[in-house]
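Please read it alongside the sequence and the model.

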Amino acid sequence: MTNAPTNQTLADALGNLAGHALSSVEFVADYVQLRFDGPTLTAYTAPTVSWGSESHVWGEPGYRDALCRQIGCRIERTAVDDQQVSIAFESGATVLISLRDDDYRGPEALQLLLDKDRIWVV
């Protein structure tokens, strides 16, 4: 992680998103940005969208619809471990971003921007 405040972990930073609603989804070439009325999560490693046993991955029919369907939904909780970032929405959907080295498409998996002074890059 770079440019992150030394007293806050990525898990703490993600926790700040709880209660925020997803306001927009922007697909940019080979990555996606999730905006939460201020905070922005840029996923360079393609997220998976899942509901129970159903899941959608980048490039599959219905993937964009599944992700965009979360616009307006609030985040209930977030989690991070050495394998993935998990964002659970009130709709029951979960967005998962892999942190496994094998899934990286570039030098970073994600960037979380809470404000101009609080940025995490993983």
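1. The structure under review is a predicted model, and local features are reported where pLDDT is at least 70. For side-chain atom pairs, the requirement is pLDDT 80 or more.

2. Five strands form an open sheet in the order 1-2-3-9-10, and their pairing is antiparallel. Strand 1 (24-28) and strand 10 (118-121) are the edge strands, each pairing on one side only. On average, neighbouring strands of this sheet are turned by 10° against each other, direction ignored.

3. Strand 1 against strand 2. These two strands run antiparallel and are paired over five bridges. Within this pairing, F27 faces V32 of strand 2 as its opposite residue.

4. The hairpin of strand 2 and strand 3. Strand 2 and strand 3 are antiparallel and are joined by four bridges. L34 has L41 of strand 3 as its bridge partner. Four residues lie between the strands of this hairpin, and D37 adopts a positive phi near 50°.

5. Strand 3 against strand 9. Four bridges also connect strand 3 with strand 9, again in the antiparallel sense.

6. The nonpolar core. The largest nonpolar core comprises 30 residues, and L34, F36, L41, L67, V85, F89 and L112 are those with the most contacts inside it. Among the elements that give two or more residues to this core are helix 1 (10-15), helix 2 (63-68), strand 2 (31-35), strand 3 (40-43) and strand 9 (110-115). Strand 4 (48-51), strand 7 (84-89) and strand 8 (94-98) are also on that list. In soluble globular proteins, nonpolar side chains tend to be buried together.

7. The surroundings of F89. Which residues are in contact with F89, leaving aside its neighbours within four places in sequence? They are L22, F36, Q70, C73, R74, I75, E76 and V95.

8. F27 and W58. The model contains three aromatic pairs. In one of them, the ring centres of F27 and W58 are 6.3 Å apart and the planes are at 55°, so this pair is classed as tilted. F27 belongs to strand 1, whereas W58 lies in the loop between strand 5 (54-56) and helix 2, so that the pair links parts of the chain 31 residues apart. F27 is partly exposed at 27% relative accessible area, and W58 is likewise partly exposed at 25%.

9. Y31 and Y44. The rings of Y31 and Y44 also form a tilted pair, because their centres are 5.2 Å apart and their planes are at 55°. Y31 is in strand 2 and Y44 is in the loop between strand 3 and strand 4, 13 residues apart. Y31 is partly exposed, with a relative accessible area of 22%, and Y44 is partly exposed at 26%.

10. F27, W58 and Y63 make up one aromatic cluster. R64 lies over the face of F27, 4.9 Å from the ring centre. The charged end of R64 also sits over the ring of W58, at 5.9 Å from its centre.

Technical notes:
Residues are numbered from 1 along each chain as its sequence is written. Side-chain values use heavy atoms; hydrogens and water are left out. A nonpolar core is a set of buried Ala, Val, Leu, Ile, Met, Phe, Trp, Tyr and Cys residues joined through side-chain atoms within 4.5 Å. Buried means under 20% relative accessible area, exposed over 50%, partly exposed in between (1.4 Å probe, protein chains only). Contact means heavy atoms within 4.5 Å. Two strands pair if DSSP finds at least two bridges between them. Axes are lines fitted to C-alpha atoms, for helices over the stretch in contact, and angles run from 0 to 180 degrees between N-to-C directions. Rings of Phe, Tyr and Trp (its six-membered ring) pair if their centres lie within 6.5 Å; planes under 30 degrees apart count as stacked, over 60 as edge-to-face and the rest as tilted. A charge sits over a ring if NZ of Lys or CZ of Arg is within 6 Å of the ring centre and within 35 degrees of the ring normal.
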